[in-house]
Amino acid sequence: MKAVQERIDALERAFGPLDDPDNPLGAAGLLAADAAGEVLPEAERVLDDFYLNAEFVPAGLGGRLERMDVLGRVLRPVFRRDASLGFGYGLNCFFAAAPVWNAGDRAQREHVARLLLEGKRVAVARHEVAHGNDFVRDEFTARPVPGGMILDGSKSGIANSSRATGLVVFARTEGAERGRSHTVLLLDREELPEGRVEDLARHTTTGMRSALFGGLRFDACPVPSSAVLGGVGDGYELSLRSSLLIRGLIPSIVLAGADTALRTVARFAARTRADGRSSLDVQHVRDVITGGFLDLLVIDCLALVATRALHLLPRQMSAYAAAAAYLAPKLVAESMDAMSSVLGEETFAQDGAYGMFQKQRRDLPVTSLGHAGSAGRQVSILPQLPYFARHAWFADPEPPPGVFRPYDALPPLDISQLELLGDGDPLAATLVACTDLLESAGTEDGTATGTGALRFLARALTGELVELKKAFEKVPDGDREALSSPYSFSLADRYTLVLAGAAVLGVWREQRNAPAGPAGAFLAAPAWATAVLYRLVGRLGLPLPDRPEAFERTVLDEAMARLHNRRSYDLYSSPLA
């Protein structure tokens with residue numbers, strides 16, 4: 001892990017301090033480029049020199065992608081500064097490559113790997129889903145002909161469509177049976193017949209204003225059968241399987257933007273006024289900063305579990321990836337709303353010392369793939385919950401401890417082992433096990449160990465799991481109507497909060513057993529875990545113990561120390577430029 005940290009630190013240093021007015025890649029330059037709807041060429045050169053595209057290519061194909069948790073961490077220095085840069089330059093390339101890594105044959109995988117390692121871009125045009133994330137509901141069609149297909153139609157809102165050499169296109173297949181309505185095609189623009197593909201006008205967005213969202217039109221474009229990824233009609237399943245890789249990264253990129261937002265607010269609050277006081281003298285301000293930091297810690301626990309489970313729990317990870325991608329943007333949006341009350345009129349600043357807050361808040365809905373993405377993630381979770389209720393909860397064994405240990409080695413990622421529907425919920429078993437651990441510690445002096453409130457809160461979350469089990473045991477097998485009700489969606493929301501609590505307890509327990517990393521001592525103590533669970537249990541509307549004010553002060557002290565010492569607001573406390 002030392003080499004990984006050095007790689008991350010090198011990228012951070014290459015960008016330079018975000019708050020340095022003399023840094024051309026600092027906040028002033030990024031805000032000016034955002035206002036102009038452009039990405040800073042100097043920033044792209046930093047990523048060129050870093051060979052960021054290599055992070056998206058599996059090591060077996062010549063790249064640096066070996067661990068999904070590491071990929072999430074590498075992206076953070078970029079997204080702390082500019083989501084347009086992070087998404088437009090590289091992450092969108094990973095989104096496009098995911099179907100290729102999932103279903104491509106050797107030649108297709110090698111072709112995309114070569115494009116990315118040469119510094120070229122690959123764009124993806126996904127299929128239309130009702131209430132999906134498309135800006136405009138239009139799509140491509142593919143008509144089978146001898147030796148291949150004829151591609152027609154147009155689509156808007158494709159990131160990097162005009163800059164990409166490689167194209168991954170989801171096209172509706174004529175005459176296909178239900179459930180197999182789309183086929184995925186891998187195309188190289190340099191190999192397409194002249195005059196058969198046209199770039200459409202750029203589509204402007206409120207968030208990520210520098211990202212290039214354009215469109216494409218195909219006119220009776222012939223493509224060979226070798227362009228098909230997987231098989232004809234595999235598009236829907238391939239989209240779902242690709243989401244298993246993509247969703248675990250969402251918490252890292254929204255966390256990174258929220259890190260900058262929180263740092264902006266903390267710096268504002270720490271200013272000393274003429275009378276010697278500061279905004280930190282106000283309890284509400286202290287609560288907002290403390291709560292914002294706690295939310296980032298719980299999001300990183302979800303990011304850790306979702307990405308490491310890809311390696312360690314491939315048959316059970318789908319619910320965790322969906323839950324992490326669903327809950328992280330929601331927590332950040334609520335936290336940013338609270339932060340705006342501290343900044344006051346500076347919330348609306350477009351430039352200057354506090355302009356980055358408005359930019360990060362504006363970028364969040366696009367970065368997190370939108371409101372419809374949240375609903376889609378809940379839909380991915382819901383069908384699994386009746387099975388978990390009948391067969392997994394309070395019966396499954398715990399996951400390997402490595403799920404919660406960020407510095408432990410991981411086995412190679414085997415995409416072929418990933419399952420769309422989990423056959424168990426070992427993370428819920430960690431909640432039960434940690435509750436039992438805390439209950440047994442309760443026979444000692446809970447006040448002395450500092451775990452009395454944590455025990456109460458863990459017990460509350462375990463009780464909530466009992467109620468979820470009762471509710472989903474009543475859902476008949478295959479009853480789609482029951483699972484699509486508003487009540488079921490509310491239960492899925494509660495389940496994600498329970499999972500978040502389980503992830504936090506797992507990380508705390510493993511750090512307590514073997515503290516590691518710059519934040520090891522802080523994470524091994526019960527203060528942060530107790531304060532996080534207090535917020536989660538409060539969100540569930542369950543009875544709470546006395547407020548852990550002393551623990552919250554500890555968390556606030558850590559947040560302000562990281563501000564002054566230039567350390568990241570996550571589980572790693574990484575150095576910032």
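**A chat about a predicted chain**

Reader: Does L461 count as buried or exposed?

Author: L461 counts as buried, because its relative accessibility is 0%. Here buried means under 20% relative accessible area, exposed means over 50%, and partly exposed lies in between, with a 1.4 Å probe and protein chains only.

Reader: Before we go on, what kind of model is this, and how are things counted?

Author: This is a predicted model, in which local features need a pLDDT of at least 70 and side-chain atom pairs count only at pLDDT 80 or more, while totals for chains, interfaces and linings use all residues. Residues are numbered from 1 along each chain as its sequence is written, and side-chain values use heavy atoms, with hydrogens and water left out.

Reader: OK, back to L461: where does it lie, and what does it touch?

Author: L461 lies in helix 16, residues 452–473, where helices are DSSP runs of H or I with at least four residues, strands are runs of E with at least two, and both are numbered from the N terminus. Leaving aside residues up to four places away in sequence, L461 touches L431, V498, G501, L533, V537 and L540; contact means heavy atoms within 4.5 Å.

Reader: And how far apart are L461 and G153?

Author: From C-alpha to C-alpha, L461 and G153 are 50 Å apart in space, and in sequence they are 308 residues apart.

Reader: What about L331, buried or exposed?

Author: L331, which is found in helix 10 (residues 318–343), counts as buried because its relative accessibility is 1%. Not counting residues up to four places away in sequence, L331 touches D295, V298, I299 and R539, and its C-alpha is 8.4 Å from that of L296, a residue 35 places away in sequence.

Reader: Switching topic: how confident is the predictor overall?

Author: The mean pLDDT of the chain is 92, and 96% of its residues reach 70 or more; pLDDT is the predictor's confidence in each residue, from 0 to 100. Over residues 129–137, however, the pLDDT is below 50, and this stretch has 18 contacts in the model beyond near neighbours in sequence.

Reader: What does the radius of gyration say about the 577 residues?

Author: The chain has a radius of gyration of 24 Å, which agrees with the value near 25 Å that a compact globule of 577 residues would have. That radius is taken over C-alpha atoms, and the globule rule is 2.2 Å times the number of residues to the power 0.38. Along the principal axes, the C-alpha atoms fill a box of roughly 75 × 60 × 40 Å. The chain holds 21 helices and eight strands, and 59% of its 577 residues count as buried.

Reader: Which residue follows helix 13?

Author: F394 follows helix 13 and has a positive phi, near 65°, although F394 is not a glycine. With a relative accessible area of 41%, F394 is partly exposed, whereas L385, P386, F388, A389 and A392 in helix 13 (residues 385–392) are buried.

Reader: And N160, what is its phi?

Author: N160 has a positive phi of about 65° although it is not a glycine. N160 lies in the loop between strand 3 (148–159) and strand 4 (166–173), and it is buried, with a relative accessible area of 2%.
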